[in-house]
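I opened the model today and kept notes on what I looked up.

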Amino acid sequence: MTDQHHPDQPAPAEQLASAGQETSAGQPASAGQETSAGQPASADQLASAEQLASAGQRTSADQPASAEQGTSADQPASADQPASADQPASADQPASADQPASAGQPASAEQGTSAEQPAPVHQPAPALFTWEFAADPYPAYAWLREHAPVHRTRLPSGVEAWLVTRYADARQALADQRLSKNPAHHDEPAHAKGKTGIPGERKAELMTHLLNIDPPDHTRLRRLVSKAFTPRRVAEFAPRVQELTDQLIDRFEKTGSADLIHEFAFPLPIYAICDLLGVPREDQDDFRDWAGMMIRHGGGPRGGVARSVKKMRGYLAELIHKKREALSATPAPGEDLISGLIRASDHGEHLTENEAAAMAFILLFAGFETTVNLIGNGTYALLTHPGQRARLQDSLARGERDLLETGVEELLRYDGPVELATWRFATEPLTIGGQDIAQGDPVLVVLAAADRDPERFADPDVLDLGRRDNQHLGYGHGIHYCLGAPLARLEGQTALATLFTRLPDLRLAADPADLRWRGGLIMRGLRTLPVEFTPTA
């Protein structure tokens with residue numbers, strides 16, 4: 001692992017990747033990330049959502065439609081894009097038989113409302129995946145929890161999926177092994193081909209990672225990866241995370257202003273995971289550029305992301321081959337994670353080179369965007385809740401860590417980095433929350449909605465850094481609990497504590513209404529976060 005690395009100005013973090021993905025290097029991974037230092041791990045969060053789910057990119061006139069939609073960044077989705085189940089069907093376009101009318105859709109003649117007992121007037125379902133929704137999805141999610149907790153919708157990409165919004169149902173779905181992570185179980189129509197998952201991962205032979213497989217393959221791979229990606233390895237990495245954090249703040253603390261996404265939240269997890277994996281310092285800027293392309297893909301062609309994936313895959317294959325040839329008989333102190341993945345064995349069985357490359361890829365791909373969004377969303381929440389921010393700063397000034405630790409968990413719950421867990425597919429007919437799901441149907445667990453469920457959390461819309469009863473689903477649940485959760489916690493705690501200690505009068509340099517959120521199906525994060533502070537001498 002390199003000890004020194006001065007990060008250059010990062011490429012804009014328009015759309016980091018990762019969200020419901022399994023292993024997150026930096027991830028609070030978010031929603032389904034795989035296992036953590038003591039917490040089950042949930043991989044759903046790790047993979048970069050914006051990319052993982054390019055299929056579901058939000059479209060809006062000022063927020064680029066996803067590549068699958070084929071609309072340009074400044075062109076709204078065309079009128080011939082199929083109406084979403086969230087929007088009432090027009091009079092000449094009734095809801096289809098396999099897509100039940102939403103609360104806002106009039107009952108059809110076949111539904112047989114009687115003259116004596118007219119159908120009740122329902123409030124229309126809120127619009128989903130618009131720019132207004134991206135800025136604040138929580139009112140729409142509250143409506144869905146109340147009126148349509150398991151809701152079938154057509155995503156902007158044209159893929160139809162079920163959204164699960166209540167905490168109890170979400171927790172059940174995340175652990176239900178009848179919901180497969182393997183896209184082969186998707187009963188996808190022709191128009192949905194290739195619109196789920198990470199662009200280019202199939203052609204690049206990167207499908208054999210923890211986000212895409214089920215037991216028994218998942219059990220075997222997770223056990224092998226867990227032997228390398230241990231809580232002890234993460235704990236030993238803490239000084240390097242602190243060093244990177246300080247280096248990044250050193251670069252802008254004398255200027256009095258910064259964009260915390262581009263200059264801090266984006267480069268920190270990229271360089272951290274590169275160091276952890278063992279990517280040589282001279283090659284790390286290439287990874288930064290590839291990551292930048294992946295997170296920006298909403299404004300460009302999906303093929304651009306696929307090309308970056310292909311380049312990263314080729315680089316990792318070569319690096320793994322070199323490390324395998326140079327591997328010593330016994331591990332050296334501070335051995336990097338790729339060497340650990342190569343060395344890991346279970347009853348004499350090792351990862352193949354393809355499996356090692358896929359795991360290194362998903363650790364990087366899924367691990368950095370969730371941390372970018374944790375730092376960005378968390379800082380924004382603290383800047384807009386001055387009482388909680390002062391409470392944290394007072395605690396840090398006293399040398400205490402308890403409020404920092406509970407505070408990061410609360411920030412994950414309140415406005416976490418992973419909005420939806422990554423894709424799942426029904427392997428047989430099943431029922432969730434009283435709603436029948438057909439075999440082959442995609443299911444998306446809405447972590448952001450579940451973690452604001454008043455049936456589970458007291459005052460769910462209140463930010464309380466000291467919240468104790470906080471079994472949020474930000475890292476996922478079940479066998480796909482985020483593998484990178486320990487690293488995500490480490491990076492989130494280090495970044496926020498250092499930032500608010502070294503820049504005590506940090507403040508927003510823009511009206512919150514003017515901030516823009518990246519449009520993507522899985523991840524939730526700001527495009528930019530301009531701040532001001534008193535410059536240091």
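**Ground rules.** I am working with a predicted model, in which local features need pLDDT of at least 70 and side-chain atom pairs count only at pLDDT 80 or more, while totals for chains, interfaces and linings use all residues. I number residues from 1 along each chain as its sequence is written, and side-chain values use heavy atoms, with hydrogens and water left out. My element names follow DSSP runs numbered from the N terminus: helices (H or I) have at least four residues and strands (E) at least two.

**Helix H14.** I started with H14, residues 386–397. I checked its length against the expected span, which is 1.5 Å times one less than the number of residues. For its 12 residues that gives 16 Å, and the end C-alpha atoms are 16 Å apart, so the two agree.

Which residues of H14 are buried? I take buried as under 20% relative accessible area, exposed as over 50%, and partly exposed as in between, with a 1.4 Å probe and protein chains only. I found Gln 388, Arg 389, Leu 392, Gln 393, Ser 395 and Leu 396 buried. They cover an arc of only 160 degrees around the axis, so they lie on the same side of H14; the arc is taken from the directions from the helix axis to the C-beta atoms. I noted the general rule that an α-helix has 3.6 residues a turn, so residues three or four places apart point the same way.

The face turned away from the buried side carries the exposed residues Pro 386, Gly 387 and Ala 397. The partners are helices H13 (353–383), H15 (402–415) and H17 (485–502). Just after H14, I saw that Gly 399 has a positive phi of about 80 degrees.

**Helix H5.** I repeated the length check on H5, residues 217–228: its 12 residues should span 16 Å, and the end C-alpha atoms are 17 Å apart, which agrees. Its buried residues include His 218, Leu 221 and Val 225.

**The five-stranded sheet.** I traced an open sheet of 5 strands in the order E3-E4-E12-E9-E5, with mixed pairing. Two strands pair if DSSP finds at least two bridges between them. The edge strands are E3 and E5 (179–180), each pairing on one side only. Helix H4 (residues 167–175) packs on this sheet, touching E3, E4, E5, E9 and E12, and its direction makes about 125 degrees with that of E12. I used axes fitted as lines to C-alpha atoms, for helices over the stretch in contact, with angles from 0 to 180 degrees between N-to-C directions.

E3 runs antiparallel to E4 (residues 160–164), joined by 5 bridges, and Thr 153 has Ala 161 as its bridge partner. In their hairpin, with 5 residues between the strands, Gly 158 has a positive phi near 100 degrees.

**The three-stranded sheet.** I found an open, antiparallel sheet in the order E6-E14-E13. E6 and E14 (residues 530–532) share 3 bridges, and Asp 259 stands opposite Pro 530.

**Cysteines.** I counted 0 disulfides, a disulfide being a pair of cysteine sulfur atoms within 2.5 Å. Cys 274 is buried at 0% relative accessible area, and Cys 482 is buried at 0%.

Key. Contact = heavy atoms within 4.5 Å.
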